[in-house]
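Here is a colleague's note to read alongside the coordinates. Please check each point against the model as you go.

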Amino acid sequence: GINAEYGVIYVGKAKDLKKRVVSYTFGLKLPHRLQRMVSETISLEIVTTHTETEALLLESNLIKKLQPHYNILLKDDKSFPYILITKDHTYPRIDKHRGAHQQKGQYFGPFASVAAVEETMILLQKVFLLRNCSDRFFEKRTRPCLQYHIKRCSAPCVHNISQKDYATLVKEAAAFLGGKTTTIQNYLAIRMNEASHNLAYEEAAHYRDRLRLLTQIQAHQRINVAKIRDADVIAIVGEGGQTCVQIFFFRQGRNLGTASFFLAHTDGSSLEDQTAAFLTQFYQDRAPAPTVLLSHKPTELPLIREALQQKFGSRTSWEIPKASASVSWLSML
């Protein structure tokens, strides 16, 4: 729909265009939001697509681009940070990253906030002693920096560690971020016992300290939710004319944090319609997790599933838990 003041005020799709247009002629039977929209519309512009999937993807693209006044809109959408382990240097570094994954390396996330990323990075530095400095800073060092002295880096810049041993630390850190905490713990325990057996007590203490930190991290991040490993857990609630969507990110069985979003222009729409609008806009530029748990079944879920699979080339299991451990997480959101 188009009006003189705002331009495009609504973007919608329809399998049966005649039926959809006629539905807007019911006058007082329409929700107040749609009554206002119809009264302000002066013209329509029609675009045809080959499939319903194409129509859904085009609709979500146009809504994000045009922000129409009468569409349900996701406010304050944002990109989420990742942890990056670079692969373009002899001694890889860890870093925070937002945006497109163009730099060569391994990406882990998404994390719900920069604070969550920074907390994890500090833990990674303490346990795996990886550098976080820029390549330029690294190349100019002639002695270890403060990070080495506070035991958060192994000082590869001054060859305090061999390339082979540093590569082992990088491999261990990637395994930890990939959810293989127990494997790393077992490996460190073996190395600690070997060092102790060989009377290398300082080396054994080093492995002991790393093992303790990993155990603390695992206890802090462990979740007791059956079968949830890689999932986005989404709950929506509407009250007093406001709609809030809460999402938890679980990756490799760990909770990477939570984020809140608010929807605009929800007057007269159901939570099922609002859930559908959120999904199509939130996953506009980011692929959903292998599993998405929802508090409400969105309208046109099969179409949303097909469209996102076509766009990102990966399958997602969309679930609305009824009676399982997953329900307890949804009730906490």
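In which helix is the place of Gln 281? Point 1 takes this up, with the reminder that the model is predicted.

1. **Gln 281.** The helix is H10, residues 271-282. Gln 281 is buried there, at 6% relative accessibility. The burial call follows because the cut-off for buried is under 20% relative accessible area. A polar atom of the Gln 281 side chain sits 3.0 Å from the backbone nitrogen of Leu 74. Please look at this pair in the model.

2. **Gln 125.** This glutamine belongs to helix H4. Gln 125 has a relative accessible area of 4%, so it is buried. The side chain has a polar partner: the side chain of Gln 147, at 3.1 Å. Beyond four places in sequence, Gln 125 touches Ile 94, Leu 130, Asn 132, Gln 147, Lys 151, Arg 152 and Cys 153. One of these, Lys 151, returns in point 7.

3. **H4 against H7.** Helix H4 covers residues 114-128 and helix H7 covers residues 163-177. Their axes lie 10 Å apart, at an angle of about 140 degrees. The reason is the cut-off, because only angles over 145 degrees count as roughly antiparallel. The crossing of H4 and H7 is right-handed. From H4, the contact uses Thr 120, Leu 124 and Phe 128. From H7, it uses Leu 169, Glu 172, Ala 173, Phe 176 and Leu 177. The residues of this contact split into six nonpolar, one polar and one charged.

4. **H7 against H8.** H7 also packs on helix H8, residues 181-197. The angle is about 140 degrees and the axes are 8 Å apart. What is the hand of the crossing of H7 and H8? Left-handed. On the H7 side, the contact involves Thr 168, Glu 172, Ala 175 and Phe 176. On the H8 side, Thr 181, Ile 184 and Tyr 187 meet them. The tally for H7 with H8 is four nonpolar, two polar and one charged. Note Glu 172 and Phe 176: H7 uses them against H4, and H7 uses them against H8.

5. **H3 against H11.** The axes of H3 and H11 come within 9 Å and cross at roughly 80 degrees. The two helices are therefore roughly perpendicular to each other. H3 contributes Glu 52, Thr 53, Leu 56, Leu 57 and Asn 61. H11 contributes Leu 303, Ile 304, Glu 306, Ala 307, Gln 310 and Lys 311. By class, the residues of this contact are five nonpolar, three polar and three charged.

6. **Ala 307.** Ala 307 lies in H11, residues 301-312. Buried or exposed? Ala 307 is buried, at 1% relative accessibility. Apart from neighbours within four places in sequence, Ala 307 contacts Thr 53, Leu 56 and Leu 57.

7. **Backbone geometry to inspect.** Most residues other than glycine have a negative phi, and most peptide bonds are trans.
   - Gln 67 has a positive phi of about 50 degrees although it is not a glycine. Gln 67 is in the loop between helix H3 (52-66) and strand E3 (73-75). At 40% relative accessibility, Gln 67 is partly exposed.
   - Lys 151 also has a positive phi, near 65 degrees, in a residue other than glycine. Lys 151 lies in the loop between helix H6 (146-149) and H7. Lys 151 is exposed, with a relative accessible area of 63%. Yet Lys 151 is among the residues that Gln 125 touches.
   - The peptide bond between Gly 109 and Pro 110 is cis, with omega about 5 degrees. Pro 110 is in the loop between strand E6 (105-108) and H4.

Conventions:
Residues numbered from 1 in each chain as written. Predicted model: local features only at pLDDT ≥ 70, side-chain atom pairs only at ≥ 80, totals over all residues. Heavy atoms only, no water. Axes fitted to C-alpha atoms, helices over the stretch in contact; angles between N-to-C directions. Helix = DSSP H or I, 4+ residues; strand = E, 2+ residues; numbered from the N terminus. Left-handed = near helix turned anticlockwise from the far one by under 90°. Contact = heavy atoms within 4.5 Å. Nonpolar A, V, L, I, M, F, W, Y, C, P; charged D, E, K, R; others polar. Buried < 20%, exposed > 50% of the residue type's maximum accessible area, 1.4 Å probe, protein only. Polar contact = N/O pair within 3.5 Å; in protein donor to acceptor, adjacent residues only side chain to side chain. Parallel < 35°, antiparallel > 145°, perpendicular 65-115°, else oblique.
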